[in-house]
Amino acid sequence: MSRNKRKSESLSKEITKEQFDKALITYSQNDIKLSQLNAELEEEIQAIKEDFSSDIDLVKAEQALLFATIKAYSVEKRHELMTDKMKSFDTLYAKIGFRKDPPSIKTLSGVTLDILTARLKEQKLDAYVRTVEEPNKELLLADRDKEELSKKFSALGIKVAQEEKFYVELKKLEVTA
């Protein structure tokens, strides 16, 4: 805590133009250093990925083939390996089983959700059509200067907020000290 106090105390003194210029130059130089270090890091990461990619691809291909073999055997021998109540079985190396996904609605080929919605409405099945209501913030913002609306903002429990944030946008040039 006292550490933060010292920082704010040292920054509360008046800063000279020379200190400002020096800080800006160093800030810019550090930004360039960070960019260079990140570029080097990315190059090394990419090189490492390339070194391992062929081995990883081989293992993934083998895993896919082995998984297919295990699945084929398990499907073929399902009734021998599991009773009707069992959904899995244990081996020395793994627990193997079948899981059901939760039920879901899927459209048939050629039927989009828009078509389904229209058909539900046609069949008077409106209870199965969802209507989403929410404030149109963009329109409220666009009409914020209309007196009749702006007077109601506090009663509606809203306000127009706009913050100002400080930034330093560096020019990407080589900076010399």
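Trainee: In this predicted model, where is K124 found?
Mentor: K124 has a positive phi of about 60° although it is not a glycine. Its relative accessibility is 70%, so K124 counts as exposed. As for its place in the chain, K124 lies in the loop between α4 and α5.

Trainee: Is Y128 buried or exposed?
Mentor: Y128 is found in the loop between α4 (113–122) and α5 (137–142). The cut-off for exposed is over 50% relative accessible area. Because Y128 has a relative accessibility of 63%, the residue counts as exposed.

Trainee: How many Å apart in space are Y128 and M86, C-alpha to C-alpha?
Mentor: In sequence, Y128 and M86 are 42 residues apart. In space, their C-alpha to C-alpha separation is 36 Å.

Trainee: How many salt bridges does a search of the whole structure find?
Mentor: Side chains of opposite charge can pair when their charged atoms come close. The criterion here is a side-chain nitrogen of Lys or Arg within 4 Å of a carboxyl oxygen of Asp or Glu. Among the pairs that meet in a salt bridge are D21 and K17. Over the whole structure, the number of salt bridges found is 3.

Trainee: Which element holds both D21 and K17, and what separates them along it?
Mentor: The side chains of D21 and K17 meet in a salt bridge at 2.9 Å, N to O. D21 counts as partly exposed because its relative accessibility is 29%, whereas K17 is exposed at 55%. Both residues belong to helix α2 and are 4 residues apart, so the separation is about one helical turn.

Trainee: Is D143 buried or exposed?
Mentor: D143 forms a salt bridge with K146, with an N to O distance of 3.6 Å. The cut-off for buried is under 20% relative accessible area. Since D143 has a relative accessibility of 19%, this residue counts as buried.

Trainee: How many Å apart are the closest N and O atoms of E147 and K151?
Mentor: E147 is exposed, with a relative accessible area of 54%. K151 also counts as exposed, at 61% relative accessibility. The two residues form a salt bridge in which the closest N and O atoms are apart by 3.2 Å.

Trainee: Which backbone oxygen does the side chain of S74 reach?
Mentor: S74 is placed in helix α2, which comprises residues 17–76. With a relative accessibility of 3%, S74 counts as buried. At a distance of 2.9 Å, its side chain reaches the backbone oxygen of I70.

Trainee: What is the area of the nonpolar surface patch that includes F166?
Mentor: F166 is located in the segment after α7 (153–156). Because its relative accessibility is 78%, F166 counts as exposed. The patch is made by F166 together with I15, F20, L24, Y27 and V168. Its area is about 650 Å².

Trainee: How many aromatic pairs does the count come to?
Mentor: A pair of aromatic rings is described by the distance of the centres and the angle of the planes. To pair, ring centres must lie within 6.5 Å. By this rule, the number of aromatic pairs is 0.

Trainee: Over the ring of which residue does the charged end of R78 sit?
Mentor: The requirement for Arg is that CZ be within 6 Å of the ring centre and within 35 degrees of the ring normal. The charged end of R78 is 3.9 Å from the centre of the ring concerned. That ring belongs to F98.

How values were computed
Residues are numbered from 1 along each chain as its sequence is written. This is a predicted model: local features need pLDDT of at least 70, side-chain atom pairs count only at pLDDT 80 or more; totals for chains, interfaces and linings use all residues. Side-chain values use heavy atoms; hydrogens and water are left out. Helices (H or I, at least four residues) and strands (E, at least two) are DSSP runs, numbered from the N terminus. Buried means under 20% relative accessible area, exposed over 50%, partly exposed in between (1.4 Å probe, protein chains only). Patches are made of residues with over 30% relative accessible area and no salt bridge: like charges are joined within 9 Å, nonpolar side chains (Val, Leu, Ile, Met, Phe, Trp, Tyr) within 5 Å. Accessible areas come from the Shrake-Rupley method with a 1.4 Å probe; for residues, only the protein chains shown count as cover. Rings of Phe, Tyr and Trp (its six-membered ring) pair if their centres lie within 6.5 Å; planes under 30 degrees apart count as stacked, over 60 as edge-to-face and the rest as tilted. A polar contact is a pair of N or O atoms within 3.5 Å; within protein, one must be able to donate a hydrogen and the other to accept it, and residues adjacent in sequence count only if both atoms are side-chain atoms.
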